[in-house]
Amino acid sequence: MVGGQVFDELEDTGSQLVGEVRGRGADDRIDVVAGRLSHKAKANARFQSVRRVETADFLLLATVSLWALNFTVSKYILDHGFHPLSYSAVRYSAAALVFVAITFPWERSLRIARSDWPLIALAVALLLANQLSFVYALYFTTATTTALLFGTLPIFTALISRLVGIERLGNQFWIAALLSFSGVVLVTAGSGRSLSGDVKGDLLAVLGAATWGGYSVTISPLMRRYSPFRLSAVLLAFVSVPLLLLGSRQLEAQSYDFGWLVWAGFAFAVLGPLVITNLLWFTAIDQVGPARASLFANLQPFLAAVIALLLLSENLTRYQIAGGLAIGAGIVLSRRTQPPLEPGE
């Protein structure tokens, strides 16, 4: 619709331009042509801007959808025979190989400056803790509950940013944090039972959100100096090593006689959430900035919960629904208090 309107305007201005040029003197004609060309240039720029935003929005929605679907796919894979550490070790190793194969021919180097290795080591430790938390959260509880609890991620990211002195947080943010953590309590209470089973998985999901928030803050200064592809190649490769060591017993005992659907899900879990989203996310951020991108990222936990409910036929209790709404309200309130953390900040 927008594109059609712009092109209609260009056609009308073209016919008007010919008529006005014919009826004026030489100097007047130059002025008319310059004015009309300026109008055309502005219309074209406006059209290109709209197209760029629409494309970026599509990329962001695709990215968030792939992330959201990963909760359901990973849960399905774990429920159908993949041991948690076997799944994480093989998945991260495969993703690391893909990133190295893409990045090294393109950039001709995976070098990281010696001064950045302390940050790399911290990022590896946080990413390892995040992956262990994520996979065992899905192992012990439902994908729906895990997705809802990962909705606390923006709150944890802001809190950690405050602790390291990156951001200042006002009173309204603390209200948002209290609201979100009240939602965590409700979601956990709705899981029922004891600290074995669902509630253990709930606590691991919260830990997963906290460690990813810490990881996001840690790599922020690294994003000024390295491409996301180089960082992904290096970090995934280093995280794969302890995952392979920790998962060695499960890998040895693991049977790989799965149906095609499990292997298709595994291929998606490697290429979708770990590889393709990296390209889409940073391409979109480059076009519209992190502020608009963060609005789409907030959709992830709720979209993931809906997908899990539909595809896995999971159930939500009244407390979990109320908790999810409280977490969402906390996210909205926190976004009104502070701008999102940018890679360069």
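In this predicted model, T277 contacts T63, L66, W67 and G272, sequence neighbours within four places aside. T277 lies in helix 11. With a relative accessibility of 2%, T277 is buried, because the cut-off for burial is under 20%. The T277 side chain also makes a polar contact with that of W67, at 3.3 Å.

The largest nonpolar core comprises 66 residues. F71, Y87 and L235 have the most contacts inside this core. Several helices supply two or more residues to the core, among them helix 2 (26-79), helix 3 (84-107), helix 4 (117-140) and helix 5 (143-149). The contacts of F71 were examined individually. Residues up to four places away in sequence were not counted. On this basis F71 touches F134, L138, A143, T146, A147, F150, Q300 and A304.

A nonpolar patch was found on the surface. V306, L310 and L311 form this patch. Together they present about 320 Å² of accessible area. L311 belongs to helix 13. Its relative accessible area is 57%, so L311 is classed as exposed, the threshold being over 50%.

Three salt bridges were counted. One of them joins D79 and K75, with an N to O distance of 3.7 Å. D79 and K75 are four residues apart in helix 2, so about one helical turn separates them. D79 is partly exposed, at 49% relative accessible area. K75, in contrast, is buried, at 8% relative accessibility.

R230 and E107 form another salt bridge. Their closest N and O atoms lie 2.9 Å apart. This pair links distant parts of the chain, with R230 in helix 9 and E107 in helix 3, 123 residues apart. R230 counts as buried, with 13% relative accessibility. E107 is partly exposed, with a relative accessible area of 24%.

D116 pairs with R225 in a salt bridge, and the closest N and O atoms are 2.9 Å apart. D116 sits in the loop between helix 3 and helix 4, and R225 in the loop between helix 8 and helix 9, so this bridge ties together parts 109 residues apart in sequence. D116 is buried, with a relative accessibility of 5%. R225 is partly exposed, at 44% relative accessible area.

Conventions. Residues are numbered from 1 along each chain as its sequence is written. This is a predicted model: local features need pLDDT of at least 70, side-chain atom pairs count only at pLDDT 80 or more; totals for chains, interfaces and linings use all residues. Side-chain values use heavy atoms; hydrogens and water are left out. A nonpolar core is a set of buried Ala, Val, Leu, Ile, Met, Phe, Trp, Tyr and Cys residues joined through side-chain atoms within 4.5 Å. Buried means under 20% relative accessible area, exposed over 50%, partly exposed in between (1.4 Å probe, protein chains only). Contact means heavy atoms within 4.5 Å. Patches are made of residues with over 30% relative accessible area and no salt bridge: like charges are joined within 9 Å, nonpolar side chains (Val, Leu, Ile, Met, Phe, Trp, Tyr) within 5 Å. Accessible areas come from the Shrake-Rupley method with a 1.4 Å probe; for residues, only the protein chains shown count as cover. A salt bridge is a side-chain nitrogen of Lys or Arg within 4 Å of a carboxyl oxygen of Asp or Glu. A polar contact is a pair of N or O atoms within 3.5 Å; within protein, one must be able to donate a hydrogen and the other to accept it, and residues adjacent in sequence count only if both atoms are side-chain atoms.
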